[in-house]
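Open the model in your viewer and keep the sequence panel beside it. The tour goes from one selection to the next and says what is there.

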Amino acid sequence: MKPTKEKAIKNILITQPRPESDKSPYYELARKYNLQLSFQPFIRIEGIPSKEFRKQKIDITAYSAVIFTSRNSIDHFFRTCEEMRISVSQETKYFCITEAVALYLQKFILYRKRKVFYGADGTNKSLFDVVNKHKSNEKFLYPCSENLDNEITSWLRNHNCEFATPILYKTVSNDVKDLITTGDFDIICFFTPSGVKSLIENLPKYKQNGTFIGAFGANTFKAVEEAGLQLQIKAPDPQAPSMVSALDKFLAQANK
């Protein structure tokens with residue numbers, strides 16, 4: 001489905017928290033195209049208590065490297081360590097999906113580039129390229145939710161990496177029924193498979209009815225398609241590394 005001028009795009013739902021800064025590129029986009037933006041997370045994150053984590057029988061101190069794909073995974077890794085009074089070695093290496101995720105580590109550790117690495121473009125492939133250079137010398141932890149990225153675990157397994165996947169948090173769907181049924185959104189943007197899952201849990205009979213769907217990341221693309229929805233806006237791609245740039249590209253075409 002391509003954007004057309006038959007239906008002016010005015011209302012966009014971003015399934016994330018409202019940006020804290022007025023300088024967010026989302027607001028610049030809204031001014032550029034005279035848009036009404038709504039921000040509403042479709043999911044919330046709940047930590048797994050350390051008492052429950054112990055049942056997984058994973059010794060965090062036995063691993064020399066940690067793979068982080070989100071800020072949530074960082075938050076709950078260090079929360080778990082604090083609750084269990086685990087001291088993380090200063091020699092631990094960290095492999096992050098993006099530079100933004102890597103920089104978030106500064107909240108918890110003394111940031112040194114020789115032990116913090118990140119992918120070039122936010123894709124799993126670029127993360128694997130970095131991990132591949134160190135895999136022979138490290139034992140990896142991949143902290144995650146119950147919705148872990150099977151592409152990452154498959155790559156680690158296929159490349160004979162020693163690894164464990166501690167489940168440290170879970171995603172819970174928020175109640176967004178009223179928002180979706182009354183919002184009349186022209187575009188809805190998703191950032192995780194869990195967000196798509198929340199939509200279907202809230203409205204099992206949801207029909208797209210001309211609403212454009214945007215998604216960030218390959219796993220989210222897949223979740224949208226598996227939910228039987230048509231996906232029109234994809235990020236990242238070479239011309240649109242962020243959701244904002246993907247929306248800008250899409251809206252520019254719609255306004256031709």
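The expected span of a helix is 1.5 Å times one less than its number of residues. Helices (H or I, at least four residues) and strands (E, at least two) are DSSP runs, numbered from the N terminus. This is a predicted model, in which local features need pLDDT of at least 70 and side-chain atom pairs count only at pLDDT 80 or more, while totals for chains, interfaces and linings use all residues. Residues are numbered from 1 along each chain as its sequence is written, and side-chain values use heavy atoms, with hydrogens and water left out.

**Stop 1: helix H3**

Select residues 71-83, which are helix H3. At 1.5 Å a residue, these 13 residues should span 18 Å, and the end C-alpha atoms are 18 Å apart, which agrees. Buried residues (under 20% relative accessible area; exposed is over 50%, partly exposed in between, with a 1.4 Å probe and protein chains only) include Ser 73, Ile 74, His 76 and Phe 77 in H3.

Just after H3, Arg 85 takes a positive phi of about 55 degrees.

**Stop 2**

Select strand E4, residues 65-68. Ala 65 and Ile 67 point one way from E4, Val 66 and Phe 68 point the other way, and all are buried. Two strands pair if DSSP finds at least two bridges between them. Four bridges join E4 to strand E5 (residues 93-96), and the two run parallel. The bridge partner of Ile 67 in E5 is Phe 95. From E4 the chain crosses through H3 to E5, a right-handed β-α-β crossover (with the strands pointing away from the viewer, the path from the first strand over the helix to the second runs clockwise). On E7 (residues 139-141), which is joined to E4 by two bridges and runs parallel to it, Phe 140 stands opposite Ala 65.

**Stop 3: the open sheet**

Next, select the five strands of the open sheet, in the order E2-E1-E11-E12-E13; the pairing is parallel. The edge strands, E2 (36-39) and E13 (233-235), each pair on one side only. Within this sheet, E11 and E12 (residues 212-216) are joined by four bridges, and Cys 189 stands opposite Gly 214 in E12.

**Stop 4**

Which residue lies in the loop between H7 (177-183) and E11 (187-190)? Asp 186 does, and it is buried, with a relative accessible area of 6%. A polar atom of the side chain of Asp 186 lies 2.8 Å from the backbone nitrogen of Lys 10. Asp 184 is also in the loop between H7 and E11, but at 58% relative accessibility Asp 184 counts as exposed. Its phi is near 50 degrees, a positive value in a residue other than glycine.

**Stop 5: a cis peptide bond**

Finish at Ala 235 and Pro 236, joined by a cis peptide bond with omega about -5 degrees. Pro 236 lies in the loop between E13 and H10.

Conventions: Polar contact = N/O pair within 3.5 Å; in protein donor to acceptor, adjacent residues only side chain to side chain.
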